[in-house]
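Please open the structure beside them and follow along point by point.

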Amino acid sequence: MKTVVIYGQNRKGSTYHIAHSLAEKIGGDLTEFFLPKDFSEFCCGCTKCFIEGEWKCPHYSKLTPITDAMDNADVIIFASPVYVYHTTGAMKAFLDHYGYRWMVHSPEERMFRKQGVCICTAAGAGMKSANKDMADSMFFWGIPKIYKLGYAVAATDWDHVNEKKKAKINRDVGSVAARIRKKHGRVRPGLKTKGFFNIMRMLQKNGWNERDVIYWKEKGWNGKKRPWN
């Protein structure tokens, strides 16, 4: 099993320790990226990824190692501390570059067989909204199984998180890892993902963006073929 973790900051604090622990419990090959160290560009809004192709993005070559790692992984983990009730700016800037992959445009078919995990921590609150920032992209990419872990750690670093809370986190992480291993190779989209995909399929029969229309036609998704088959 291959796991890739994208961290929303460079610092190895509570969020890092939880995500890294989960990846280790899942087992197999692990690849990790830290933002903004491994990718620090902001989307410039040129729309080339939508109209011409993602390879026309001015940041394409910098982003390619992370894109390839995600495409080849079985499990994708996004991990970010809460910044003002949302994910970090580095994580948001990273996700902005994949708007072209949303189901409304040209989704990558391998995403429909993966599992995803969103992890965030805060001293107090904001975990739900921060996790949603990351989970939205996962869902609209087509990832069928998404787990969310959010913790108010009441500390600014892992060393100061109390042992009782660490024990609970460890139990939760172990449980999620076990579920991920059990579902490995057997993940299929549910009704929500299939329903949204079919709405997009009807829109793409005529479409409004030539590149997307051609993409869906080449994939055969306007007919009976589906990305999860």
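1. Let's start inside. Tyr7, Gly8, Gln9, Arg11, Thr15, Tyr16, Ala79 and Pro81 line the largest cavity. A cavity here is a set of points, on a 1 Å grid over the protein atoms alone, where a 1.4 Å probe fits but cannot get out, and lining residues have an atom within 4 Å of a point. The volume of this cavity is about 30 Å³, where a volume is the space filled by probe spheres set on the points, joined across faces, edges and corners. Searching the whole structure gives 1 cavity of 30 Å³ or more.

2. A word on what you are looking at. The model is predicted, so local features need pLDDT of at least 70 and side-chain atom pairs count only at pLDDT 80 or more, while totals for chains, interfaces and linings use all residues. Residues are numbered from 1 along each chain as its sequence is written, and side-chain values use heavy atoms, with hydrogens and water left out.

3. Which elements each supply at least two residues of the cavity lining? They are helix 1 (14-26) and strand 3 (75-81). Helices (H or I, at least four residues) and strands (E, at least two) are DSSP runs, numbered from the N terminus. By class, the cavity lining has 4 nonpolar, 3 polar and 1 charged residues. For these classes, Ala, Val, Leu, Ile, Met, Phe, Trp, Tyr, Cys and Pro count as nonpolar, Asp, Glu, Lys and Arg as charged, and the others, Gly among them, as polar.

4. Now the largest pocket, which holds about 430 Å³ of space. It is lined by 31 residues, and Cys49, Glu54, Tyr60, His97 and Tyr100 are the closest to its centre. Two or more lining residues come from each of helix 2 (48-51), helix 3 (60-72) and helix 8 (210-219). Helix 3 gives the largest share, 6 residues. The pocket lining divides into 13 nonpolar, 8 polar and 10 charged residues. A pocket, for the record, is an open set of points with protein on both sides within 12 Å along at least five of seven lines.

5. Next, charged pairs. Side chains of opposite charge can pair when their charged atoms come close. The whole structure has 12 salt bridges, each a side-chain nitrogen of Lys or Arg within 4 Å of a carboxyl oxygen of Asp or Glu. One of them joins Asp71 and Arg101, with the closest N and O atoms 2.8 Å apart. Because Asp71 lies in helix 3 and Arg101 in the loop between helix 4 (89-96) and strand 4 (115-122), this pair ties together parts that are 30 residues apart in sequence. Is Asp71 buried or exposed? Asp71 is buried, at a relative accessible area of 7%, and Arg101 is buried with 7% too. The cut-offs are under 20% relative accessible area for buried, over 50% for exposed, and partly exposed in between (1.4 Å probe, protein chains only). Asp71 and Arg101 also belong to a network of salt bridges with Glu108 and Arg110.

6. Other bridges sit within a single helix. Lys132 and Asp136 pair at 2.9 Å between the closest N and O atoms; they are 4 residues apart in helix 5 (residues 127-141), so about one helical turn separates them. In helix 6 (residues 163-183), Lys168 and Asp172 are likewise 4 residues apart, about one helical turn, and their salt bridge is 2.7 Å from N to O. Lys168 is partly exposed at 42%, and Asp172 is partly exposed at 22%.

7. On the surface, Ile199, Met202, Leu203 and Trp208 form a nonpolar patch with about 430 Å² of accessible area together. Patches are made of residues with over 30% relative accessible area and no salt bridge, with like charges joined within 9 Å and nonpolar side chains (Val, Leu, Ile, Met, Phe, Trp, Tyr) within 5 Å; areas come from the Shrake-Rupley method with a 1.4 Å probe, and for residues only the protein chains shown count as cover. Met202 lies in helix 7 (residues 191-204) and is exposed at 51%.

8. Finally, look at the backbone. A cis peptide bond, with omega about 10°, joins Leu35 and Pro36. Val84 has a positive phi near 40° without being a glycine, and Val84 is exposed at 78%.
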